[in-house]
Amino acid sequence: MLFDTHAHLDEDAFSQDADEVIARAVASGVTTMLAVATTVESSRATISLAMRFPNVFASVGIHPNYAVQAQPGDWEAIEELASSSKVIAIGETGLDRYWDHTPFDVQLEYFRRQIELAGRCDFPFIVHCREAEPDVVAVLREMVGAGQLKGIMHSFCGSRATLDAALELGLHISFAGMLTFKKNIELRELAKSVPLDRLLVETDSPYLAPQPNRGKRNEPAFVRHTAECLAEVRGQTLDQLAAITTANARRLFRLSDVLG
Ligand code: NI
């Protein structure tokens, strides 16, 4: 029983066969998926997918690389969509100095807004971080206030310092296909040290499929390979690792409130 906490099921890559992709995931034990949005349009699409499938949930938000395209009214639309019944997270948000499509001050503005909205909704926010680790940590520290943050470092592939800071601030750490790539020895070393109750797995479909499907279109069913790798690294069985990460996700997203 696995939970894919990050899949872009609304993207063009799945426009022809989303139903089959979701059915394949369920058949291979991926009982729950979070369809993650990147724009207002995509937020509407993830919600309509989630409405069609009982085991698909939705996030709403504006990705840092798309914030540059945001129109007047888009932010208000995100705030409104956040109250749809199957929305359980905000994002993906974060910072990206690699593509740098969006002026950095605009990225910062949307990142802060989404953390704030997530807090207001009691949802986790989903952090995309590319070549911006110190900047992401600085924003998280600025936003943490008195308590802890409720968020996810998605497709984590950062440094020990970033991992430690994110954990200290209360975030969960989600591993994707890159964990399984042969060369990523240090990443597997870091994955060993994440507290059990903060671990999540995801695909980031349709991107970066795990071994042995590297190079193919990624899909939620493949989350098993990342979970297997994580289980092996941590000296657990796949069943143990799956049960723990799924329980973590359900608790983080408060799904027991929804699913019983
Ligand atoms: Ni993503």
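Hi everyone! This structure holds 14 salt bridges, and please keep in mind that we are looking at a predicted model. As a reminder, side chains of opposite charge can pair when their charged atoms come close.

Let's start with arginine 217. Its partner is aspartate 17, and the closest N and O atoms of the two are 3.0 Å apart. Arginine 217 lies in the loop between β8 and α8, and aspartate 17 in the loop between β1 and α1, so this pair ties together parts that are 200 residues apart in sequence. Is aspartate 17 buried or exposed? Its relative accessibility is 18%, so aspartate 17 counts as buried. Arginine 217, with a relative accessible area of 28%, is partly exposed.

Now for arginine 24, which makes a salt bridge with glutamate 219, with 2.7 Å between the closest N and O atoms. Here helix α1 supplies arginine 24 and the loop between β8 and α8 supplies glutamate 219, so parts 195 residues apart in sequence are tied together. Glutamate 219 counts as buried at 5% relative accessibility, while arginine 24, at 38%, counts as partly exposed.

Glutamate 219 also meets arginine 217 in a salt bridge, 3.6 Å from N to O. Through shared partners, then, Asp17, Arg24, Arg217 and Glu219 are joined into one network.

On to the rings. How many aromatic pairs does the structure hold? There are 4 aromatic pairs. One of them is phenylalanine 3 with phenylalanine 253, a stacked pair at 5.6 Å centre to centre, with 25 degrees between the planes. Phenylalanine 3 sits in strand β1 and phenylalanine 253 in the loop between α9 (238-252) and α10 (255-259), so they tie together parts 250 residues apart in sequence. Both of these phenylalanines are buried.

Tyrosine 98 and tryptophan 99 form an edge-to-face pair instead, 5.0 Å centre to centre and with 85 degrees between the planes. Over the ring of tyrosine 98 you will also find the charged end of arginine 130, 3.7 Å from the ring centre.

Histidine 8 comes from the loop between β1 (2-7) and α1 (18-27), and aspartate 204 from the loop between β8 (199-201) and α8 (223-233), so the pair ties together parts 196 residues apart in sequence. Both histidine 8 and aspartate 204 are buried.

Key:
Residues are numbered from 1 along each chain as its sequence is written. This is a predicted model: local features need pLDDT of at least 70, side-chain atom pairs count only at pLDDT 80 or more; totals for chains, interfaces and linings use all residues. Side-chain values use heavy atoms; hydrogens and water are left out. Helices (H or I, at least four residues) and strands (E, at least two) are DSSP runs, numbered from the N terminus. Buried means under 20% relative accessible area, exposed over 50%, partly exposed in between (1.4 Å probe, protein chains only). Rings of Phe, Tyr and Trp (its six-membered ring) pair if their centres lie within 6.5 Å; planes under 30 degrees apart count as stacked, over 60 as edge-to-face and the rest as tilted. A charge sits over a ring if NZ of Lys or CZ of Arg is within 6 Å of the ring centre and within 35 degrees of the ring normal. A salt bridge is a side-chain nitrogen of Lys or Arg within 4 Å of a carboxyl oxygen of Asp or Glu.
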